Amino acid sequence: IKTTDTEIAQLLDVAELISRLEAVMGEFSQRGAGLVQPVRSVVPLQKHGGFLGLMPAYLAHEDILCTKMVAFYQREQGSSLPTTQATVLLFDPVSGVVSAVMDGEVITARRTAAVSAISAKLLMPRHAEILCLLGSGHQAVSHYEVFTQAFTFKEVRVWSRSKERAEEFARAAGGPVTVCPSVKEAVEGADVIVTATNASEPLLFGKWVKSGAHVAAVGACRPDWRELDDDLMRDAVVYVDSREGAAAESGDVILSGAEVFAELGEMINGSMPAQRDKTTVFKSLGMGIQDAVSAKLVYDKWKSQQ
Ligand SMILES: NC(=O)C1=CN([C@@H]2O[C@H](COP(=O)(O)OP(=O)(O)OC[C@H]3O[C@@H](n4cnc5c(N)ncnc54)[C@H](O)[C@@H]3O)[C@@H](O)[C@H]2O)C=CC1
Ligand SMILES: O=C(O)C1=NCCCC1
């Protein structure tokens, strides 16, 4: 089959996705033989300010064989082209035949937000009231959608480099969103902060972050890119999706020298604690296994409707 982002948006249910992602992230952190997922292969395109990422995964228990190919470009402000363009291939693992070719933008946006929601569920302060989104692009939109579906906040704030974009974001959101003029004002007193920008220098500073807040850091996916400053990285308890991925790709982890406390999956398995009372950072980079379970959910739902 060949499925488009429009179809996938209808088929990929957030609650089902969260439950499948929790299971697979837990399994990943056990490092069993049933799950094969190398760290993303990255082909840098220095000449064009981008890279091509290859993200294969095999999940033996459910017999899911999948790969995503994702092109990522740091665009000029105002460019009409998307930053991230992706295609997901699902294979029949018995024969190697390709069973589905899927657009990858919705899968990428929704599964990333769903993984951040799992981290927030475990790490955000009890009775969290204020959600703050830094950035107003695809990931900010999907994080808004998933977080407001999974949790109830009294206030949602957005900050973006472009005030017009932030205002557009607020208008398009399904509920009230406060547009903030600066990062500092946006994050002051926030319980949950999502950083979803293409910044390569820190824009979120520890001195602005409320003690006990939870930060889901989604951008800065190259070893020399940052969204968070050293103070925040060193003072917070740092969780990652994959230790190997973070050591290879996260500028926030590598350049700050911060210690990684645990993987999300270790918290899910109960082998490492969720330090909810401390300031926490979940550094997300994205993993092939997340795309694999998402693609399988889409494929099964599509088949059940034929
Ligand atoms: N952790 C994960 O699994 C994934 C992470 N990402 C990352 O998420 C980030 C956002 O992706 P999208 O929302 O798809 O991109 P997008 O292009 O739709 O939105 C990017 C946002 O960042 C802002 N921005 C760009 N440069 C900036 C700068 N220097 N300072 C402050 N803001 C800046 C833009 O104004 C826009 O609001 C990217 O860094 C991407 O690498 C993307 C997919 C998966
Ligand atoms: O996991 C992904 O997919 C991506 N992560 C970092 C940026 C490109 C897409």
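1. How many bridges join E4 to strand E5 (residues 64-73), and do the two run parallel or antiparallel? Ten bridges join them, and they run antiparallel. Opposite Leu54 in this pair stands Met69 of E5. Strands are DSSP runs of at least two residues (E), helices are runs of at least four (H or I), and both are numbered from the N terminus. Two strands count as paired if DSSP finds at least two bridges between them.

2. Basis of the note. This is a predicted model, in which local features need pLDDT of at least 70 and side-chain atom pairs count only at pLDDT 80 or more, while totals for chains, interfaces and linings use all residues. Residues are numbered from 1 along each chain as its sequence is written, chains are lettered from A and ligands numbered from 1 in the order in which they are written, and side-chain values use heavy atoms, with hydrogens and water left out.

3. Overall dimensions. The chain has eleven helices and 15 strands. Its radius of gyration is 18 Å, which agrees with the value near 19 Å that a compact globule of 306 residues would have. That radius is taken over C-alpha atoms, and the globule rule is 2.2 Å times the number of residues to the power 0.38. Along the principal axes, the C-alpha trace spans about 55 × 40 × 40 Å.

4. Of the 306 residues, 55% are buried. Buried means under 20% relative accessible area, exposed means over 50%, and partly exposed lies in between (1.4 Å probe, protein chains only). Among contacts with a separation of 6 or more, 66% come from residues 24 or more positions apart. A contact here means heavy atoms within 4.5 Å.

5. Surface and charge. The accessible surface is about 13300 Å², and carbon and sulfur atoms hold 52% of it. Areas come from the Shrake-Rupley method with a 1.4 Å probe; for residues, only the protein chains shown count as cover. There are 30 positive and 38 negative side chains, and the centres of the two sets lie 1 Å apart. Lys and Arg count as positive, Asp and Glu as negative; His and the chain ends are not counted. Each charge is placed at NZ of Lys, CZ of Arg, CG of Asp or CD of Glu.

6. Strands around E4. Strand E4 covers residues 50-59 and runs antiparallel to strand E2 (residues 35-36), with two bridges between them. Val36 has Tyr58 of E4 as its bridge partner. Strand E3 (residues 41-45) also runs antiparallel to E4, over five bridges. Here Pro44 stands opposite Phe51. The E3 and E4 hairpin has four residues between its strands, and Gly49 takes a positive phi near 65°.

7. Asp63. The hairpin of E4 and E5 also has four residues between its strands. Asp63 sits in the loop between E4 and E5. Its phi is positive, about 55°, although it is not a glycine. Most residues other than glycine have a negative phi. Asp63 is partly exposed, at 34% relative accessible area.

8. E1, E6 and E7. Strand E1 (residues 2-3) runs parallel to strand E7 (residues 98-103), joined by two bridges. Lys2 stands opposite Val101 in E7. Strand E6 (residues 84-91) runs antiparallel to E7, with five bridges. Val88 faces Met102 across this pair as its opposite residue. The hairpin of E6 and E7 has six residues between the strands, and Gly96 in the turn has a positive phi of about 85°.

9. The eight-stranded sheet. This open sheet has parallel pairing and the order E10-E9-E8-E11-E12-E15-E13-E14. Strands E10 (178-179) and E14 (260-263) stand at the edges with a single partner strand each, so one side of each has no neighbour in the sheet. Within the sheet, strand E11 (residues 192-195) pairs with strand E12 (residues 214-217) over four bridges. Val194 stands opposite Ala216 in E12.

10. Two loop residues to look at. Ser162 lies in the loop between strand E9 (155-159) and helix H5 (163-172). Ser162 is buried, with a relative accessible area of 16%. From Ser162 to Thr112 is 50 residues in sequence and 23 Å in space, C-alpha to C-alpha. Ala220 is in the loop between E12 and helix H7 (230-235). Ala220 has a positive phi near 50° and is not a glycine. At 3% relative accessibility, Ala220 counts as buried.
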